[in-house]
Amino acid sequence: MGTEDIATTPPAATDKDTDDDEIVTWWGLVIEGYHTTQERLMSEIAERFELTPGAFDILVRLVRSPECRMPMTKLAKEAALSSGGFTKVADRLVSAGLIRREPCDTDRRVTYVVLTDHGRTTAEDAKHACAEILRRTVLDPLGPENSEQLANAMRTLRSANTDA
């Protein structure tokens, strides 16, 4: 095995004797591949829709939610944003006419974030553009089988490393 193979071949799952440098190099490639692809994806989304990564994430979560609405605190948590960070993004989305805030009829401590009609259209269009970009930047280079294996591997890592 040449040095180029070491850097591109992941260690066997049960191989306890794999060289430390090989494992660290392999993980670095995973991170670099993710960052490069994510940067390209978010750059195209920003260019086409004038959405930051946080705004895009919020719109996609809302468009996939029942009635295109979620409690503000739940949405902030799912988007991994602090309360203040979420408020800034939400304020920009309100100003752009993409979302609105609605009080809960039964619990005045709860505020919902709801997509406007314009927000729903933008979210759907951005979601479709995202899929098209991912087809080009992930599915085409990897192929369907490797893409599915990658998704399953990431799902496994998420589950294995999420606090119970």
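Predicted model: local features only at pLDDT ≥ 70, side-chain atom pairs only at ≥ 80, totals over all residues.
Q: Which residue caps the N-terminal end of H2?
A: Asp19 does, with a side-chain oxygen 3.1 Å from the backbone nitrogen of Asp21.

Q: What should H2 span, at 1.5 Å a residue?
A: The 30 residues of H2 should span 44 Å, the expected span being 1.5 Å times one less than the number of residues. The end C-alpha atoms of H2 are 43 Å apart, which agrees.

Q: Now Glu44: buried or exposed?
A: Glu44, found in H2 (residues 20-49), is buried because its relative accessible area is 17%; buried means under 20% relative accessible area, with a 1.4 Å probe and protein chains only. The buried residues of H2 are Glu22, Leu41, Met42, Glu44 and Ile45.

Q: Which residues does Glu44 touch?
A: Not counting residues up to four places away in sequence, Glu44 touches Ile133 and Arg136. A contact means heavy atoms within 4.5 Å.

Q: At what angle do H2 and H6 pack?
A: H2 and helix H6 (residues 117-160) pack at about 170 degrees, with axes 8 Å apart. H2 is therefore roughly antiparallel to H6, a term for angles over 145 degrees. Axes are lines fitted to C-alpha atoms, for helices over the stretch in contact, and angles run from 0 to 180 degrees between N-to-C directions. The contact includes Trp27, Glu44 and Phe49 of H2, and Ile133 and Arg136 of H6.

Q: Switching to H3, how does it pack with H5?
A: Helix H3 (residues 53-63) and helix H5 (residues 83-95) pack at about 75 degrees, with their axes 10 Å apart. H3 is therefore roughly perpendicular to H5, the range for that term being 65 to 115 degrees. Gly54, Ala55, Ile58 and Leu59 of H3 make the contact with Phe86, Val89 and Leu93 of H5.

Q: And where do the axes of H3 and H6 come?
A: Those axes come within 9 Å and cross at roughly 105 degrees, so H3 is also roughly perpendicular to H6. Phe56, Leu59 and Val63 in H3 meet residues of H6, among them Arg120, Ala123 and Cys130.

Definitions and conventions: Residues numbered from 1 in each chain as written. Heavy atoms only, no water. Helix = DSSP H or I, 4+ residues; strand = E, 2+ residues; numbered from the N terminus. Buried < 20%, exposed > 50% of the residue type's maximum accessible area, 1.4 Å probe, protein only. Polar contact = N/O pair within 3.5 Å; in protein donor to acceptor, adjacent residues only side chain to side chain. Parallel < 35°, antiparallel > 145°, perpendicular 65-115°, else oblique.
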